[in-house]
Amino acid sequence: MRFWLKVMVKIVYDIGMGAEIINLRQVRKQQKRAEAEDTAAQNRAKHGRTKGARQKEEMDAERARRELDGHKIENLTDKERDDDK
């Protein structure tokens with residue numbers, strides 16, 4: 001609790017307001033929210049992708065699959081080859 005009091009007193013004096021009554025519970029909640037937002041922003045940057053990026057990746061994968069299937073050589077048995085002639 002001493003730490004928070006020192007932090008709050010420093011903030012209040014830095015602003016130049018003199019003595020002001022500060023609810024430390026509210027300050028703790030604000031700090032916790034700010035930390036959670038920072039963590040969320042880091043996770044979005046690390047893991048998040050835009051909708052356009054996801055769609056482009058899906059289209060590229062589908063295009064690669066179609067191209068690969070197009071180059072596939074079917075294995076015909078001897079009987080099927082004779083039937084085709």
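A salt bridge here is a side-chain nitrogen of Lys or Arg within 4 Å of a carboxyl oxygen of Asp or Glu. The model is predicted.

Q: How many salt bridges does a search of the whole structure find?
A: The search covers the whole structure. A pair counts if a side-chain nitrogen of Lys or Arg lies within 4 Å of a carboxyl oxygen of Asp or Glu. The number of salt bridges found is 7.

Q: What pattern does the protein chain follow, read along the sequence?
A: The protein chain has 4 helices and 0 strands. Read along the sequence, the pattern is α-α-α-α.

Q: What percentage of the 85 residues in the protein chain is buried?
A: A residue is buried when its relative accessible area is under 20%. The accessible surface of the protein chain comes to about 8300 Å², and carbon and sulfur atoms account for 54% of that surface. Of the 85 residues, the buried share is 6%.

Q: What distance does helix α2 reach from its first C-alpha to its last?
A: Helix α2 covers residues 24–47, which is 24 residues. At 1.5 Å a residue, the expected value is 34 Å, and the helix comes close to it. The distance reached is 34 Å.

Q: Which residue has a side-chain oxygen that reaches the backbone nitrogen of Arg-25?
A: The contact is found at the start of α2. The oxygen comes to within 3.1 Å of the backbone nitrogen of Arg-25. The residue that supplies this oxygen is Asn-23.

Q: Which side chain meets Glu-37 in a salt bridge?
A: Glu-37 has a relative accessible area of 44%, so this residue counts as partly exposed. Its salt bridge has an N to O distance of 3.1 Å. The partner is Arg-44.

Q: How far apart are the closest N and O atoms of Lys-56 and Asp-60?
A: Both residues lie in helix α3 (residues 51–70), 4 residues apart, or about one turn. In an α-helix, residues three or four places apart point the same way, because there are 3.6 residues a turn. Lys-56 is partly exposed at 49%, and Asp-60 is partly exposed at 30%. The closest N and O atoms of the pair are 3.0 Å apart.

Definitions and conventions
Residues are numbered from 1 along each chain as its sequence is written. This is a predicted model: local features need pLDDT of at least 70, side-chain atom pairs count only at pLDDT 80 or more; totals for chains, interfaces and linings use all residues. Side-chain values use heavy atoms; hydrogens and water are left out. Helices (H or I, at least four residues) and strands (E, at least two) are DSSP runs, numbered from the N terminus. Buried means under 20% relative accessible area, exposed over 50%, partly exposed in between (1.4 Å probe, protein chains only). Accessible areas come from the Shrake-Rupley method with a 1.4 Å probe; for residues, only the protein chains shown count as cover. The expected span of a helix is 1.5 Å times one less than its number of residues. A polar contact is a pair of N or O atoms within 3.5 Å; within protein, one must be able to donate a hydrogen and the other to accept it, and residues adjacent in sequence count only if both atoms are side-chain atoms.
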